[in-house]
Amino acid sequence: MKICVYCSSSSEVATCYKQAARDLGSLLALHQHELVYGAGNIGLMGELAEAVKAGGGRITGVIPRKLADYGLAYSLADETIITETMAERKAVMESRADAFIGLPGGIGTMEEVLQVLTLKQLRYLVKPVVLLNTAGF
């Protein structure tokens, strides 16, 4: 199963959130699920990707060219898709994923999770959406 995970790109987060991202990444790899995510190499995104890769899992990263040009893409992804816009990035992630998980994050993470929840409510998506409650976040 291809699972899209939305999460923080900031490294300035509590240790418990980093551990949750690592634990999720390990579980994805263990159960042979492919990670589809925003392709970041920092913050929870980086922790998640490192854990998936350490467990032998497959990673597809989707990142806008502007962010890739800043050097923010995870270099060990099995596939990296470069988009021109954030909207295109979200559309690619939504179409590639069989399910979605929301981890702690900021405004961007909330916006992405709210979009898939809205699409699910309107029945444009019939895929599972899970919000991981980490330390009450």
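Begin by selecting K53 and D78, whose side chains meet in a salt bridge with an N to O distance of 3.1 Å. K53 belongs to helix α2, while D78 sits in the loop between α3 (65–69) and β4 (79–83), so this pair ties together parts that are 25 residues apart in sequence. Colour the two by accessibility: K53 is partly exposed, with a relative accessible area of 24%, and D78 also counts as partly exposed, at 39% relative accessibility. The model on display is a predicted one.

How many salt bridges does the structure hold? There are seven.

Next, select E47 and R22. These residues form another salt bridge, and their closest N and O atoms are 2.7 Å apart. Here the contact runs from helix to helix: E47 lies in α2 (residues 43–54) and R22 in α1 (residues 15–30), so parts that are 25 residues apart in sequence are tied together. E47 is partly exposed, with 25% relative accessibility; R22 is likewise partly exposed, with a relative accessible area of 27%.

Move on to R58 and E34, a salt-bridge pair whose closest N and O atoms are 3.4 Å apart. R58 is located in the loop between α2 and β3 (59–64), and E34 is in strand β2 (residues 34–37), so the bridge ties together parts that are 24 residues apart in sequence.

The last two stops concern the backbone. Select A39, in the loop between β2 and α2. Its phi angle is near 70°, a positive value in a residue other than glycine. A39 is buried, having a relative accessible area of 3%.

Finally, select A135, which is placed in the segment after β6 (129–131). Phi of A135 is near 55°, again a positive value in a residue that is not glycine. Is A135 buried or exposed? A135 counts as exposed, at 62% relative accessibility.

Key. Residues numbered from 1 in each chain as written. Predicted model: local features only at pLDDT ≥ 70, side-chain atom pairs only at ≥ 80, totals over all residues. Heavy atoms only, no water. Salt bridge = Lys/Arg side-chain N within 4 Å of Asp/Glu carboxyl O. Helix = DSSP H or I, 4+ residues; strand = E, 2+ residues; numbered from the N terminus. Buried < 20%, exposed > 50% of the residue type's maximum accessible area, 1.4 Å probe, protein only.
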